[in-house]
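Hi everyone, thanks for coming.

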Amino acid sequence: MDDAARARDAACEALADVEPDQLREALEDRIANAAVTPGVLTLVTARATNAQVDPDEVVDRAVGVQLIYEGLRLTRSVAHAEPWVTAPTRETDIDADMDVLAADVLVSRGFSLLACTDAAAAAVEVVRGFGRDQTLRDREGTDPAAATALDRNLEVDALELAVVAGTAAADSDPPEELLRYARELAADCDGEFPPAGSALPEATADRIADISDRAVSATDR
């Protein structure tokens with residue numbers, strides 16, 4: 001099973017006990033069509049940092065990162081669409097309410113998976129940063145370019161969280177160069193991760209392994 005399929009299947013498993021059925025099905029549909037770049041990067045980072053790491057021990061962390069990102073992405077989408085204002089009908093209100101509930105479940109379940117890991121503090125900062133960015137974005141007078149930049153911070157923060165979670169699973173801390181590389185990956189995506197059928201450039205694992213090896217060598221000297 002490839003990393004994208006593993007991350008997606010594990011995310012659905014993490015949501016299997018959500019009730020009612022309608023909400024769970026909505027969450028599963030969203031995950032099935034989601035870009036799983038954050039979750040995949042977590043898996044790739046852990047494996048590239050420590051080839052002996054057990055994928056089964058990393059997958060929960062990958063799912064935690066993925067669910068937090070997907071929940072915040074959905075929150076951003078609903079906030080921008082403002083369905084209660086732009087198209088206030090009973091049907092749109094129900095759909096919007098379901099989206100808000102789904103976003104809350106995704107973020108909270110993601111937090112629960114990262115709560116007892118070394119990535120917990122970083123996960124909290126991602127959510128705090130998202131709140132600050134969206135508050136600034138909604139201020140009167142914010143120009144379109146600034147609003148776009150603030151929105152794209154979520155993708156940057158999600159990939160930084162992925163490398164933090166991945167290296168933590170491999171019992172190490174991410175060197176600054178690796179965090180910088182995560183930011184580069186997010187910039188290359190131009191604010192939108194690849195579609196569900198793809199996730200990361202083929203050279204990603206080799207690049208992360210090289211960065212990690214050089215960081216270890218520098219520490220040993």
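I'll go through the helices and cores, then the cavity, and then a few backbone details.

First, the ground rules. This is a predicted model, where local features need pLDDT of at least 70 and side-chain atom pairs count only at pLDDT 80 or more, while totals for chains, interfaces and linings use all residues. Residues are numbered from 1 along each chain as its sequence is written, and side-chain values use heavy atoms, with hydrogens and water left out.

Let me start with helix α4. Helices here are DSSP runs of H or I with at least four residues, numbered from the N terminus. Helix α4 covers residues 55-81, which is 27 residues, and its first and last C-alpha atoms are 38 Å apart, close to the 39 Å expected at 1.5 Å a residue. That expected span is 1.5 Å times one less than the number of residues. Just after α4, Glu82 has a positive phi of about 45°.

Now the packing. A nonpolar core means buried Ala, Val, Leu, Ile, Met, Phe, Trp, Tyr and Cys residues joined through side-chain atoms within 4.5 Å. Buried is under 20% relative accessible area, exposed is over 50%, and partly exposed is in between, using a 1.4 Å probe and protein chains only. So which residues of the largest nonpolar core touch the most other members? They are Leu41, Leu72, Leu159, Leu161 and Ile208, out of 38 residues in that core. Seven helices each supply at least two residues: α3 (37-49), α4, α6 (90-114), α7 (120-137), α8 (144-169), α9 (176-189) and α10 (204-220). Of these, α8 gives the most, with nine residues.

Take Leu161 as an example. Leaving aside residues up to four places away in sequence, Leu161 touches Val65, Leu114, Ala119, Ala122, Ala123 and Val126, where contact means heavy atoms within 4.5 Å. There is also a second, separate core of 25 residues, and Ala7, Leu15, Ala62 and Leu106 are among its members.

The lining is Asp3, Arg6, Leu43, Arg47, Val53, Pro55 and Val58, and α1 (3-14), α3 and α4 each supply at least two of the lining residues.

Pro55 lies in helix α4, and its C-alpha is 9.7 Å from that of Arg6, although they are 49 residues apart along the chain. Pro55 counts as partly exposed because its relative accessibility is 37%.

Last, the backbone. Most residues other than glycine have a negative phi, and most peptide bonds are trans. Here, the peptide bond from Glu19 to Pro20 is cis, with omega near 0°, and Pro20 sits in the loop between α1 and α2 (21-32). Asp171 is not a glycine, yet has a positive phi of about 60°. Asp171 is in the loop between α8 and α9, and it counts as exposed because its relative accessible area is 72%.

That's my tour, and I'm happy to take questions.

Methods: On a 1 Å grid over the protein atoms alone, a cavity is a set of points where a 1.4 Å probe fits but cannot get out, and a pocket is an open set with protein on both sides within 12 Å along at least five of seven lines; lining residues have an atom within 4 Å of a point.
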